[in-house]
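This briefing is arranged by topic for a reader with the structure at hand.

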Amino acid sequence: MDSAGQPSAPSPLVVRNLAKSYGGRAAVDGISFELKRGECFGLLGPNGAGKTTTLRCCLGLTTPDSGDIRLVGEAVPTRAREARQRVGVVPQFDNLDPDFTAAENLLVYARYFGIADADAKRRIPELLDFAGLGGKDRSKLSGLSGGMKRRLTLARALINDPDLLLLDEPTTGLDPQARHLIWERLKRLLGDGKTILLTTHFMDEAERLCDRIAIIDAGRIVTQGAPRALIGELIEPSVVEVFGDGAAHWAHDHAAGFARRCEVTGETAFCYVEDAKPLLAHLDRRPELRTLHRPANLEDVFLKLTGRELRD
Amino acid sequence: MNALLALRWIAVWRRNFLVWRKLALPSVLGNLADPMIYMFGLGYGLGSLLPQVAGVPYISFLAAGTLCASTMNSASFEALYSAFSRMHVQKTWDAMLNAPVALEDVVAGEWIWAATKALFSGSAILLVVWALGLTESSQLLWVLPLIFLLGLCFSAMGLIVTTLAPSYDFFMFYFTLLITPMTLLSGVFFPLSQLPPPLQAVAQALPLTHAVALVRPLLLGELPPSPLLHVAVLATIALTAFAIALKLAQRRLLA
């Protein structure tokens, strides 16, 4: 995991007992985690779980009520600006400059880091190429698609060649093609030895990209570890989804005989089983019910730990 | 590195300057049109009905007032509508804060930028006034730092309102309740002595009054009476308003 192979090098981000409340309501309630150099670490949680507040604290944009943060070795918030000098950020909502072309966006952003124009101009074509925006340097922002803007934001976050990238829901709102392209680029950055912290509520994204994840709910870390390990430890290996008219009734009467756990939402029953064969044989005799048998995934872990109620 | 970080407000200023440069000509001409209409419309139209005002032709009297009022408007519009777009709508400030730029740099950059833009449009008006022979003063260059200072005043006051504003509609109150009355009470269109004494006292508390009191004599080729007092009032308002705007920005953005 430690691809840089430097056990003595400081962790890119250490968070200890972080707490922050707004108006008496705890947004973050005692969170601790530590990134390893070169890994991709995912913060997962439903809306309002405290992901964005955690990131804001890490960047020194919000002063926590208590806790310690060290970002790229610097104490935050006291030395937050020095730390941000070596960090790249992709915010949740695009805040590219609509008045500028793609290249100007990068040039102006480089100045915020104190990078000389000549150095920035040398780097910009390379970054645009990396973002799949080669030849788009003079494109106005209004002419770029949502995916292109997202990639330009990623290129902007790399202008200072950061040690650590913080990505807040990097693929929210993108179509599948655009998401895959972002994932591919992030993997390339990991291959180059960058460390990434990302927040997401897409479980497939976390499973695909993250070496380790922490699931946050109501401001606390519910569990953390490698995605495959968490799936292996925390949940039954197989899921049989039963849906169609009468699925809820069927689950009420029969599911307990076959599944250790069964959750019903609307007209779908999710049966978590060690061995799916007896249940599938039983369901064969109930042709009015449709079934889907699949291995358990991170989403099942997530829903088990954070519940199925809506969070808005 | 700390010395370099201290200069990051310049990057914020340059960002705004680059946007302005793309639209510089229409921007300056647009800023010029409104004051010119007032100056010629009132100056020649109303002026033809008047004997001299304060010892000079009305249009010469009006030139300094128009210059100051339009500098005020230019700084106010930039610090209100444009800064609010960057802070709240486009989230440009958020992007800057994710880089090693402090909120102090962002607000200082915006403050000095809006004053710079006011200086640009004020200079354009001054050029027209000079080209038309409405002033023969040899002290015109003194006007430039003064309108920059006036720009700093109204830029900082505008930023206070911006950091409090829930939406663009909020700015209407500021213009209706503060800027418009100030334009009428500060000696822009007529001498302060025409006002009833209580209003004359109110006028002394308005920054525009002090700017007009400095700029008008300079355009007429005279030395302003008690210049240091007027400059001190403007500088105090500018610095105090900036400090307040910064506190409000911290409350709004760094919670």
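**Strand pairing and chain contact**

In chain A, A:Arg16 stands opposite A:Asp68, a residue of β4(A). The model is a predicted one.

**The four-stranded sheet of chain A**

- The strands of this open sheet follow the order β2-β1-β4-β5 in chain A, and their pairing is antiparallel.
- The edges are taken by β2 (25-34) and β5 (74-76) of chain A; each has a single partner strand, so one side of each is left without a neighbour in the sheet.
- On average, neighbouring strands of this sheet are turned by 25° against each other, direction ignored.
- Seven bridges connect strand β1 (residues 13-22) of chain A with β2(A), and the two pair in the antiparallel sense.
- Among the bridge partners in β2(A) are A:Glu34, which faces A:Val14, and A:Ala26, which faces A:Ser21.
- β1(A) and β2(A) form a hairpin that has two residues between the strands. In its turn, A:Gly23 has a positive phi of about 55°.
- β1(A) also pairs with β4(A), again in the antiparallel sense, over five bridges. The pairing of A:Arg16 with A:Asp68 of β4(A) was given at the outset.

**The six-stranded sheet of chain A**

- Six strands of chain A form an open sheet in the order β6-β7-β8-β3-β9-β10, with mixed pairing.
- β6 (87-90) and β10 (220-225) of chain A stand at the edges with a single partner strand each, so one side of each is left without a neighbour in the sheet.
- From one strand to the next, the twist of this sheet averages 15°.
- Strand β7 (residues 164-168) and strand β8 (residues 195-200) of chain A run parallel and are joined by five bridges.
- Helix α5 (residues 146-157) of chain A lies across β6 and β7 of chain A, and runs at about 165° to β6(A).

**The interface of chain B and chain A**

- The size of an interface is often given as the accessible area lost when the parts come together.
- Between chain B and chain A the buried area is about 2,500 Å², and carbon and sulfur atoms give 53% of that area.
- Chain B contributes 27 residues to the contact, and chain A contributes 27 residues.
- Five salt bridges are counted between chain B and chain A. One of the salt bridges joins A:Asp97 to B:Arg15, with the closest N and O atoms 2.4 Å apart.
- On the side of chain B that touches chain A, α1 (2-5), α2 (9-22) and α5 (92-98) of chain B each supply at least two residues.
- α2(B) gives the largest share of that side, seven residues.
- By residue class, the side of chain B that touches chain A holds 16 nonpolar, four polar and seven charged residues.

Terms used
Residues are numbered from 1 along each chain as its sequence is written. Chains are lettered from A and ligands numbered from 1 in the order in which they are written. This is a predicted model: local features need pLDDT of at least 70, side-chain atom pairs count only at pLDDT 80 or more; totals for chains, interfaces and linings use all residues. Side-chain values use heavy atoms; hydrogens and water are left out. Contact means heavy atoms within 4.5 Å. Buried area is the accessible area (1.4 Å probe) that two parts lose on being put together, summed over both. A salt bridge is a side-chain nitrogen of Lys or Arg within 4 Å of a carboxyl oxygen of Asp or Glu. Ala, Val, Leu, Ile, Met, Phe, Trp, Tyr, Cys and Pro count as nonpolar, Asp, Glu, Lys and Arg as charged, and the others, Gly among them, as polar. Two strands pair if DSSP finds at least two bridges between them. Axes are lines fitted to C-alpha atoms, for helices over the stretch in contact, and angles run from 0 to 180 degrees between N-to-C directions.
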